[in-house]
Amino acid sequence: MRFLEAKLRLESPAVLTSRRTERGYVSPLNVIPGSMLRGALLSMLYNHGLIDEKFLEAESHNPRVIASPAYPMMDDKKSYPCHLFAYKCKVMHGDGSEEGFERKIYAAETIKILEAGLEPEFKRSCSRGHVALEEVHPKPVIPVGDTFREISLFHEHIVCVGISRERATAQRQLLYEYESVAAGHEFWFKMGVPEDVLDGIERGMRLYIGRGSSRGFGRARITEIREAPLDDLIEKIHQTYRDNSIIALYSISNVISTLGNQYYPYPEEIDLDALRRLGLDVSGKLVVRRAYGRCVPLSLGWDIARNVRRPVLEQSLAPGSILVSSIRKGENWEKGLAAISYVGRVEVLQPPSGGSMPITGVNVLEPLAFNPMVGR
């Protein structure tokens, strides 16, 4: 398993929506879900002849190509999901411009409390005593020291008409509406891929994101790709937590836990031994003591192998959630922690109808202390 960071640019509007109506797809997302991005990457590799049907069949049961959600970029700066230890004051502090609102990330002072095993206090007022605070979690924001910029994507509303094959004219009462993310937006994401397909993923490769690719939607191109500095992260984890048994983990994905056909908003334990299936010689365990985040639905997307829609899980922790966990250190536990910050932990749901349904792109957790959203 090799770990990568990449950027992509939309070359045409992308239909990334959270809601389907009788006439089309509406309510555009501002993040590309990890499961959708993984499907696009697999299709890209297959279309370029880098993997075959046997590889795809194995991926449907034992995923090894794993992608995190992709977050928008602005002025070449990365955005991240906002956590609960940040706020925006609704009362203007300045000259009436957008910059006049106070935005504050105070996780730098909170993390000491969390990693001491204590319960933190949430801010109830801004620096001027206003109690009209807006919760930004889990929207993507760009951290700038202990403040942040909010992300606003451009959207397009497109109406298409069905064409009769017999008459080659528009068909009555057959309109399709799409609300899409406009072309030109850039996104960044993390991923893990097997060594045997690593050389096939190159800068400039085209992939298709979201729905409507046959109508020209969702064309995207990888603009940058690089191997992750995993050794540096492993060393930072070792130096920071060798004498500390509690760690605050920040999620850039949804958090979910499954057991048979049941699911829960977050796991009570994260077993690092499970990463051995990816070829990593690690062991250890994270025991979740407390979780801070909002519960949101999680769509599992489309099952390409079976050509059916996957279910929607009604409760998962939103991206930007923070899990305070005890570390039970095993062999190469630092490497295990570094790995889940790129590929998370694959969950497996076993529907009542039988079979198994791997869930990827979830539980992508990294130490809050090393992320810009700590607010230093």
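Me: What makes β21 and strand β22 (residues 284–292) a pair?
Reply: Two strands pair if DSSP finds at least two bridges between them. β21 and β22 have three bridges, in the antiparallel sense, so by that cut-off they pair. Strands here are DSSP runs of E with at least two residues, helices runs of H or I with at least four, numbered from the N terminus.

Reply: A word on the source: this is a predicted model, where local features need pLDDT of at least 70 and side-chain atom pairs count only at pLDDT 80 or more, while totals for chains, interfaces and linings use all residues. Residues are numbered from 1 along each chain as its sequence is written, and side-chain values use heavy atoms, leaving out hydrogens and water.

Me: How do you know how α1 runs relative to α2?
Reply: The axes of α1 (residues 34–47) and α2 (residues 53–61) cross at roughly 165°. Angles over 145 degrees count as roughly antiparallel, so α1 is roughly antiparallel to α2. The axes are lines fitted to C-alpha atoms, for helices over the stretch in contact, with angles from 0 to 180 degrees between N-to-C directions.

Me: Which residues of α1 meet α2?
Reply: Arg38, Leu42 and Tyr46 meet Glu53, Phe55, Leu56 and Glu59 of α2, where contact means heavy atoms within 4.5 Å.

Notes
Parallel < 35°, antiparallel > 145°, perpendicular 65-115°, else oblique.
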